[in-house]
Amino acid sequence: MTERWVGLVISGEKVTVADAEVPDDGPLILQADLTWKLQTGSKPAAYYALSQLCSNYLRENGIEKVVIKASATSQSGVRLGHFHSAELRGVIQSAAASVCEVKVIPKAAVSKNFGDRKVDEYIKDTGFWGQEFNGKPLRSGSREAAMLLLAERKQA
Amino acid sequence: MTAFVSEIVVGKKIGSGHFGDVHLATDPVHGEVAVKIISQEPTESDGVWGHRKAGFLAEAQNLASAAHDNIVPVHHLVESVDGKSIQYCMKFCSGGSLHSRYEVGPLPLSAVRKAGAEVLLGLDALHARGMIHRDIKPGNILIDENGVARIGDFGLVTDDLIFGYADRAGYSDHLAYEVWADGVTSVRSDVWAFGMTLYRLLHGHSWYSESELPRLSIHEGGFRDHLLWLPHVPRRWRRAIRSMMVDDPHKRLQSVGQVQQVIAGLPIAPDWSCEVAGSYVRWRRENGKRIVKVEWNRISARRHEWKAWSEPAVAGAGNNRKLGASDGVVGARQAIGDLERFFLS
């Protein structure tokens, strides 16, 4: 049965959104490829605004599942920006969970769940995306968010 | 619609919409409510009224089931026994409409962005449900008891109603170029109207009234290039609003989602409060223990002068400091350019 899922990758002060119809098999049909940006100014107000935007979008578009890329350690050291991203990731998880089922999966699990290659290899392979997605065009910068949907379908 | 007799007690008039007056009322279930009474026009045939009434009913049914934090909820509808009027019972928003605030003067950037972001949530919900509002403007944005903006007044349910009521309602200032051209509204014409709403809120009624009425020139095209901006409005705001008001709907921001992205990136500091009073435009903002003030005197169309200074927030706690000024009386272009540079600094 086809369901509508959203993959989210949070990085810095933005959220990359890949919204697709996910059939049991065959290509996913991309409905929207968006970026949500954190408002300038006060952080608490900006988090609140973005959480409202997130839950509003998921509710109004009948999203049944959200897959979010998990926080990870950084080999180059943890800087303040990583903490800010983690804060935003928590805000988004909370907002999404108020509407639908939420899965948080680490990047390593995406590779493990989906196929033989590493995530970054799939992301670079333009031909792969043409086979796996129909519908609206997918920006190359949104492939990681879209990859979450493919991995989750295989796992489910 | 119900066959039951309404127990709503209608009180004083609190506003006027396109199709009828809005009254404060008491409802046995919801307490204080707003009731819009929509009646058959004296010149309206039974057929046209019946069509319009059916439209209101369909829309109200959608809205009643489409609860959203940024949409004024419709509690119920009641039809009069003779069928010639409808009582449209809605949540009473104690903060009134943004039109009242707009009439007072320009709103600060932070207030416009907050209200704008909230309106976009409601508008996004409407569009996701396949509805077009067709009448986004300050008067249709109501502020509830928590200070949250909600979209109200869903009277314009079909395109064929727009021009029939445009002149009387005065909202034709918010009709996009293509609506004047072919009369067809869309998600993108709502985006245009939202851009105009932001412009009006940023500038207030006095400033807005100094320009030619938009309803007289939008149809000529290029309207966004003729907008007159208060000098403190940052360029990113101007670009954002212009991108919502492109004549060609296909080159305009295409969706609420795109507008939301743009709005999120708009600066809200420094957050000036501004007053337009006759020939004078005055700004002020707090800066620590001091208050920064700017005064622009438009003596005539070609003769302007301005000055900026700071003064202690507490009288006698320091001296005034000059921050800038025109070199005596200067031309309009120079004064505006200098002011824009001052606000940018």
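**Entry 1: B:Arg134**

I looked up B:Arg134 and found it buried, at 15% relative accessibility. Buried means under 20% relative accessible area, exposed means over 50%, and partly exposed lies in between (1.4 Å probe, protein chains only). I placed B:Arg134 in the loop between helix 3 (109-128) and strand 6 (141-143) of chain B. Helices (H or I, at least four residues) and strands (E, at least two) are DSSP runs, numbered from the N terminus. I then checked the backbone: phi of B:Arg134 is near 75°, a positive value in a residue other than glycine.

**Entry 2: ground rules**

I note that this is a predicted model, where local features need pLDDT of at least 70, side-chain atom pairs count only at pLDDT 80 or more, and totals for chains, interfaces and linings use all residues. Residues are numbered from 1 along each chain as its sequence is written, chains are lettered from A and ligands numbered from 1 in the order in which they are written, and side-chain values use heavy atoms, with hydrogens and water left out.

I went to B:Lys53 in helix 1 (residues 46-65) of chain B. B:Lys53 counts as buried, at 15% relative accessibility. I left aside neighbours within four places in sequence and found B:Lys53 in contact with B:Glu79, B:Gly83 and B:Ile86. Contact means heavy atoms within 4.5 Å.

Next I took B:Glu340, in helix 9 (residues 332-344) of chain B. Buried or partly exposed: which is B:Glu340? B:Glu340 counts as partly exposed, at 22% relative accessibility. Leaving aside neighbours within four places in sequence, B:Glu340 touches B:Pro231 and B:Arg238. I also looked at B:Val233, which is 107 residues from B:Glu340 along the chain, with 8.3 Å between their C-alpha atoms.

**Entry 3: a cis bond**

I checked the peptide bond from B:Ala269 to B:Pro270: it is cis, with omega near -5°. I found B:Pro270 in the loop between helix 8 (256-264) and strand 8 (273-277) of chain B.

**Entry 4: helices 3 and 8 of chain B**

I saw the axes of helix 3 and helix 8 of chain B come within 10 Å and cross at roughly 165°. Axes are lines fitted to C-alpha atoms, for helices over the stretch in contact, and angles run from 0 to 180 degrees between N-to-C directions. Helix 3 and helix 8 of chain B are therefore roughly antiparallel. Angles under 35 degrees count as roughly parallel, over 145 as roughly antiparallel, 65 to 115 as roughly perpendicular and the rest as oblique. I listed the contact residues, among them B:Leu120 and B:Asp124 of helix 3 and B:Val259 and B:Gln260 of helix 8 of chain B. By class, this contact of helix 3 with helix 8 of chain B has seven nonpolar, two polar and two charged residues. Ala, Val, Leu, Ile, Met, Phe, Trp, Tyr, Cys and Pro count as nonpolar, Asp, Glu, Lys and Arg as charged, and the others, Gly among them, as polar.

**Entry 5: helices 1 and 2 of chain A**

I turned to chain A, where helix 1 (residues 43-60) and helix 2 (residues 80-97) pack at an angle of about 40°, with axes 8 Å apart. That makes helix 1 of chain A oblique to helix 2 of chain A. I found A:Leu50 and A:Cys54 among the residues of helix 1 that meet helix 2 of chain A, whose own contact residues include A:Leu88 and A:Val91. The contact of helix 1 with helix 2 of chain A has nine nonpolar, three polar and two charged residues.
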